[in-house]
Amino acid sequence: MTNGLMPLLQLSDSQFPSGAFSHSFGFETYIQEDVVTGTESFKQALLVFLKKQLVFNDGLACRLAYESMERDSPEGLLDIDHVLFATCVARETREGNRKMGERLAKLCMELYPSPDLSEYLSWIKKKQAYGHPAVVLAAVYHSLGIPKESALETFLFTNLSSLVQNAVRGIPIGQTAGQKILLDLQPYVIVAVESIMGLCPDDLGAGSPGLEIAQMHHERLNVRLFMS
Amino acid sequence: MRETGLLSLEAKKRHARTKIHGYYEGAFKFTRPVRLDDDSLSVYLIHVGGGYVDGDTYESTITLGEGAELAVTSQASTKVYKTPSRPVEQHTNIQLAADSVLEYFLDPLILYEGARFIQNTTIELESDAVFFYSDIITPGWSEDGVNFRYDWVRNKLKVYQNGKLVLFDHLLLEPDEELEGVLQLEGHTHVGSFVLFHPNATRELAERLYENVYESFPDVRLGISDMEDGGIVVRILSDRTQTIERIISHIHTFARGELLDKGEISWRKY
């Protein structure tokens, strides 16, 4: 058994086929509207995305799912899955998360199978759950025995990293500038993990109105590099 | 615990007409039902105090029987003042039986300096029940002219369809250095939402609604998308209550025409 480092590196690798490569989660709208135009404006938007969207949605979901499995009550995953789906009011982002979640669940069942993940995947197949990457990865991290805070840190960083990769292609910004952003955001990831640990289950799914509108607008962009 | 305001309203269809029953206590009241020009039945909710203050709790239940049709609005905006010890809580539970129609349009929520407000609205729809809804959240006037002096507002709207959660609109506004920036309110102060559920509220209808609204309000920041199970959600950012009210009324009229075969609603309150 490894200390979990290699599985985390694998799951976080930008080549890992999670589907995140195809989704900008509203950022493409900001790029086309000239709100996000370069390194600085992208970094600011990504920071708010981390502090609001990831902390209150995907990140908190990952923590709550992880804790459900710690309590040995995987049925808690169903509630989290349903809340994540129903709180996402922009169709493309909701569908994107659903497809990524299902695909990731199947892939991770091949690579890092566990009873909890197997149950979640069976719920997805029976259409009792929609599927969401945060829940899938929580199951994988938990089954690998990754401590909760490290799991959240990895999860948040992986999300930021894929958005940076997309920004490099989409805005575009330079590779080095992108990596610099990831470095600069590292302290904020630590703070975000602390924020997530301080929230309560009732906080799950709080949305950011501006981002929701950008995600909704994406449906109507004429030229699109990304599916959301 | 005793609620500051309690209200229970039930509408039933009898011989092709909707009849109202109910009761209220404390700071809540509702008017006798008023029949509007187009034969819609309407009820006006009233708060008999000056506004919501520290620790207030409000509880409302609205139930529509099979086939009943009702339009509900308020007589004035909801004002929430300073809550030094406990946030104000308002809980509303709405049950809509098969084929009933509820149009629920409250006036804006205004949050003053130091206000903390929790609002939970839960709607349970049975098959083919119709629900139209809007809300507007605005910061109240403050002595120093700064817009965001409230502490926070947590607004939750949950819609269940035959027991399944189909929409959970969860908004948490907590003024900080980022609230007015990108992804959040983007330089605006007011947030408006319009939600509708109708068996014929398709993606195609959402698309036509967007084109229609965009044509009339090209300069307003708003988004429209469709949910599974016949839902449409509209999100609006603006600096003026009147602008959001005009858009909401425009969408309401569009939805009435397309889905209820009715014209513009003319509330009896101004």
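1. Two residues count as in contact if their C-beta atoms, placed from the backbone, lie within 7 Å. Helices (H or I, at least four residues) and strands (E, at least two) are DSSP runs, numbered from the N terminus.

2. This is a predicted model, in which local features need pLDDT of at least 70, side-chain atom pairs count only at pLDDT 80 or more, and totals for chains, interfaces and linings use all residues. Residues are numbered from 1 along each chain as its sequence is written, while chains are lettered from A and ligands numbered from 1 in the order in which they are written.

3. The model has an ipTM of 0.96 and a pTM of 0.97.

4. On helix H1 of chain B (residues 203-216), B:Ala206, B:Leu209, B:Tyr210 and B:Val213 are buried (20 or more other C-beta atoms within 10 Å of the residue's own; exposed means 12 or fewer, partly exposed in between; C-beta atoms are placed from the backbone). Because these residues cover an arc of only 105° around the axis, they lie on the same side of H1(B); the arc is that of the directions from the helix axis to the C-beta atoms. The other side of H1(B) has B:Glu204, B:Glu211 and B:Glu215 exposed.

5. What do the buried residues of H1(B) pack against? Their partners in chain B are strand S17 (221-227), strand S18 (231-238) and helix H2 (241-260).

6. Strands S9 (residues 88-96) and S12 (residues 116-125) of chain B pair in the parallel sense over nine bridges; pairing requires that DSSP finds at least two bridges. B:Ile123 in S12(B) stands opposite B:Ile94, and its bridge partner in S14(B) is B:Val159.
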